[in-house]
Amino acid sequence: MVLSNITQFSPMFYLSSFPGLEAFKHWIFIPFFLMYLVAISGNCLILMIIKTNHRLHSPMYYLLSLLALTDLGLSVSTLPTTVGIFWFNYHSIYFGACQIQMFCIHSFSFMESAVLLVMSFDRYVAICHPLRYSVIITGERVIRIGLCVILRGPVALIPIVLLLKAFPYCGPLVLSHSFCLHQEVIHLACVDTTFNNLYGLSLVVFTVMLDLVLIALSYSFILYTVAGLASQEEQIRAFQTCTSHLCAVLVFFVPMTGLSLVHRFGKNAPPAVHLLMANIYLFVPPMLNPVIYSIKTKEIRRAITKLLGFRKDNSEY
């Protein structure tokens, strides 16, 4: 049987903005622009501070710089199509560009999950085994782990992203977001996509969900150790070293869980709900992470105040 509306080769997809609010798209872009501005400038600032301040050349801050790089990549991945839609009213995207964008978005998402896992292990060792911290967490090991973190997502994503090019696509090729996601593009294919669906589900379970379980396990050991400290002041001081990371974990995993639930159980929900959850998931963590670490991490906060000229003397730093 021949389908008249099948696109076999290099289809053109149509990206969506907020339905019913097209007349206000320039105003809608203002909060997006501010989020991009904070995310890109904030993460670049953290990277510059860590690079130029030799006192911050330690495993903990190497991991923070890796998190900032991941957030920066996630922001840049969605920037071209979001600006094109809201500012230039350009909704079309070629299949090849869509493949590249979804590959980058999912890769950086998996990277961020892995970085947060490694950071939780760093906090676990620092609190539960402080005397062995410098032996277990070394700069060389952090670099090796960083390479594994960078490669894990892209290598695992290559099969399902490349396989999308072999599928024919039919019907209106309209995506409900302002960027390409694998779980949306795969629904437009006219053939059996069981492999992609099962592979994608397995990938999420054995990467992101496993990371979340291991992070929770790390914090259970941390809480057990903190509860065993002698005084309440020591308990508060020990747990305060984890607050920045714990906030980053919540900022990343809570929107991701919400987006997964909407995709799984909210098929009848208004399109604006899907758009809102996806935008929160992709835009909020890169924006909030540099703010969280700038406020909660004393060394980063001091470096920023010194850079902005608020701290004239170097005696305290």
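Ring pairs join F29, F32, F33, Y36, F86, W87, F179 and F283 into a cluster. Rings of Phe, Tyr and Trp (its six-membered ring) pair if their centres lie within 6.5 Å, with planes under 30 degrees apart counted as stacked, over 60 as edge-to-face and the rest as tilted. The structure holds 15 aromatic pairs in total. One of these, F95 with Y169, is tilted, at 5.7 Å centre to centre and 45° between the planes. This pair links distant parts of the chain, 74 residues apart: F95 belongs to helix 3 (residues 95-128) and Y169 to strand 4 (residues 169-170). Helices (H or I, at least four residues) and strands (E, at least two) are DSSP runs numbered from the N terminus. Both F95 and Y169 are buried, that is, under 20% relative accessible area with a 1.4 Å probe and protein chains only. F252 and F253 form an edge-to-face pair, 5.0 Å centre to centre with 85° between the planes. F252 counts as buried because its relative accessibility is 1%, and F253 because its value is 5%.

The model is predicted; local features need pLDDT of at least 70, side-chain atom pairs count only at pLDDT 80 or more, and totals for chains, interfaces and linings use all residues. Residues are numbered from 1 along each chain as its sequence is written, and side-chain values use heavy atoms, without hydrogens and water.

The unreviewed UniProt entry lists several spans as "transmembrane region", including residues 203-226 and 272-292; such annotations may be inferred rather than shown by experiment. Residues 203-226 are 100% helix and 0% strand, with end C-alpha atoms 34 Å apart. For residues 272-292, also 100% helix and 0% strand, the corresponding distance is 28 Å.

Note on methods. Buried < 20%, exposed > 50% of the residue type's maximum accessible area, 1.4 Å probe, protein only.
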